[in-house]
Amino acid sequence: MAKPPRAAPVRIVFLGGLGEIGRNCACVEVDGRIIVLDVGIMFPEPDMPGVDLVLPELSYLRENADRVDAVVLTHGHEDHTGGLAYLLRDLRVPIYGSELSLGLARNRVEEAGLGDRATWIPVADGERRRIGPCDVEFIPVTHSVPNAFALAFHTPQGIVMHSGDFKIDLQPVDGRRTDLSRIGELAEDPGIRLLLSDSTNAEEQGYTLSESTVGATLRRVFIARPGRRFIVACFASHIHRIQQVIDAAVASGRRVATLGRSMGKNVELARSLGILTVPDGVLFDIDEIDRFSPGEICVISTGSQGEPMSALSLMATGDNKRLQIEPDDVVVISAHPIPGNEWSVGRVIDELHRRGAEVVHSGAEAVHVSGHARQGELRTLISVAKPDSFIPVHGEFRHLVHHAELAREMDVPSDQVLLCEDGDTVRLDEKGLQRDGTVPAGYLYVDGTVGDVGHGVLRDRRLLAEEGVVMVVATVDLQEGELGGMPQIATKGWVHAPEAEALLEEASKVVADALTQAMIDGARDVESLSRHARKALGRLVGERTRRRPMIVPVIIEV
Ligand SMILES: [Zn+2]
Ligand SMILES: [Zn+2]
């Protein structure tokens with residue numbers, strides 16, 4: 001495709017989301033100016049004990065803060081917006097997105113007390129706006145949260161298109177379809193140079209079912225169980241799912257209460273934006289639940305992912321002060337566990353059964369469909385967009401590999417399909433798409449309000465969790481070169497106490513001998529004595545128990 005000579009190249013920097021589901025974040029750079037595309041979080045994996053959430057490393061953005069013109073949001077999910085509260089500590093930038101995306105993102109930012117640091121700029125479907133160095137066009141797509149966008153960046157190198165998270169739902173609940181015709185127009189004129197596309201379901205054949213099919217199933221499930229109380233758990237941002245739950249509840253003569261903070265907030269937000277329609281008199285406060293008989297009640301709750309402190313998990317363990325599960329209750333889990341959450345969800349389902357509830361989940365009834373495109377839809381997008389080059393985004397590594405393969409099958413030239421990972425940088429110019437180095441893009445672990453707990457801390461936590469700790473405290477007189485009594489040994493999580501007594505005594509003696517010998521050999525500083533204590537104790541522990549607990553020597557000078 002002919003381009004004017006020497007137009008400014010476009011650089012794309014991937015800061016997260018390529019190699020994991022979550023913490024999606026990228027930069028589109030034109031003429032040295034940066035537009036940030038989403039700033040998401042990831043939920044911790046089982047090998048990250050005590051970590052609340054994981055962020056993209058933001059050092060690249062911090063170091064280049066003066067070049068950042070704006071953040072654009074594809075949609076309101078936390079894996080795309082949850083990191084804003086952290087970014088805004090360092091940067092004061094305008095944030096563009098649909099009104100709903102901004103509303104959802106805003107909650108977390110305001111909770112962090114950073115509400116005054118952001119300028120929220122709502123954009124409408126199909127709007128094209130000058131943002132920093134280029135025009136950005138916001139193209140409607142269907143997804144598991146309403147009012148999601150694909151983004152078309154009109155750059156000096158032509159169109160760079162990002163699909164956002166999408167599916168091609170031909171019967172969406174709100175009638176707002178993925179705007180394939182606009183993408184087709186752009187493909188004809190001026191043409192799409194580069195397509196970045198959602199890889200989440202790239203391993204799945206066929207097409208993702210329409211969201212509206214869930215409504216039909218819910219209706220059937222409700223009608224088949226008259227006289228019984230319903231509790232339905234789903235994502236609090238899935239407004240169309242909530243709409244369909246409410247519709248099914250109303251159709252079976254029920255009223256609806258929300259449970260869980262984000263559920264109540266989001267229902268209110270969506271109603272105020274006219275995205276959620278609830279007939280008058282249907283909503284009631286959960287504290288008034290006793291006024292109604294079981295057959296008149298539907299509770300919509302958070303906790304579909306088995307999150308330990310969520311409303312549903314607390315119900316399952318009998319710890320929810322607002323609602324206790326009764327043996328005749330029907331609990332519908334209208335979601336699919338995201339990778340890593342299967343175990344927690346399974347545990348919640350088990351506990352609900354223990355309380356006598358009937359549990360209807362996506363394994364048994366079609367009470368959930370995905371918000372992401374499968375292979376058929378991914379092919380459709382490529383064939384409509386006809387991109388010159390392609391990069392799969394948003395997925396675990398294997399999803400990216402499958403999506404790249406699919407793009408080649410769809411005749412995108414093989415050398416113009418790049419498989420990128422977090423930290424990779426690419427450059428688009430007259431010659432095409434090529435790699436352009438890397439930037440730091442590690443994981444940033446957040447625990448409580450502490451910024452980054454770091455790899456070292458996590459390694460220690462894993463070791464403590466798996467092997468326990470053995471601590472030795474020894475007092476020494478460095479002048480005289482002698483011990484001030486027998487070293488004290490304390491342990492947690494290493495060996496069972498009664499059997500340990502002889503072992504602890506032996507350990508104390510081994511450390512005492514090692515320290516005495518070291519001082520005879522001339523050691524006179526705390527550091528080298530610590531080393532000797534650690535070595536002697538570590539050897540004994542290894543020999544006697546075949547374990548490798550954390551060894552912590554504490555040498556006290558008298
Ligand atoms: Zn999403
Ligand atoms: Zn996502």
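**Note on the zinc site and its sheet**

1. In this predicted model, the zinc ion (ligand 1) has four protein donors: His75 (NE2), His77 (ND1), His143 (NE2) and Asp165 (OD). They lie 2.1 to 2.4 Å from the ion. Along the sequence, the donor residues follow the spacing H-x1-H-x65-H-x21-D.

2. What is the arrangement of the four donor atoms around the zinc ion (ligand 1)? It is irregular, because the angles they subtend run from 88 to 167 degrees. Four donors count as tetrahedral only if all angles lie between 85 and 135 degrees.

3. Six strands form an open sheet in the order β9-β10-β11-β12-β13-β19, with mixed pairing. β9 (128–131) and β19 (389–393) are the edge strands; each has a single partner, so one side of each lacks a neighbour in the sheet. From one strand to the next, the twist averages 20 degrees.

4. β12 (residues 158–162) pairs with β13 (residues 192–198) in the parallel sense, over four bridges. Valine 160 has leucine 194 in β13 as its bridge partner. Helix α5 (residues 180–188) packs on the sheet and touches β10 (134–141), β11 (148–155), β12 and β13. The direction of α5 makes about 145 degrees with that of β10.

5. Helix α12 (residues 397–409) lies across β13 and β19. It runs at about 155 degrees to β19.

Conventions:
Residues are numbered from 1 along each chain as its sequence is written. Chains are lettered from A and ligands numbered from 1 in the order in which they are written. This is a predicted model: local features need pLDDT of at least 70, side-chain atom pairs count only at pLDDT 80 or more; totals for chains, interfaces and linings use all residues. Side-chain values use heavy atoms; hydrogens and water are left out. Two strands pair if DSSP finds at least two bridges between them. Helices (H or I, at least four residues) and strands (E, at least two) are DSSP runs, numbered from the N terminus. Axes are lines fitted to C-alpha atoms, for helices over the stretch in contact, and angles run from 0 to 180 degrees between N-to-C directions. Contact means heavy atoms within 4.5 Å. Donors are N, O and S atoms within 2.8 Å of the metal (3.2 Å for Na, K and Ca); water is not among the atoms, so sites may look incomplete. Four donors count as tetrahedral if all angles lie between 85 and 135 degrees; four count as square planar and six as octahedral if opposite donors are over 155 degrees apart and all others between 65 and 115; anything else is irregular.
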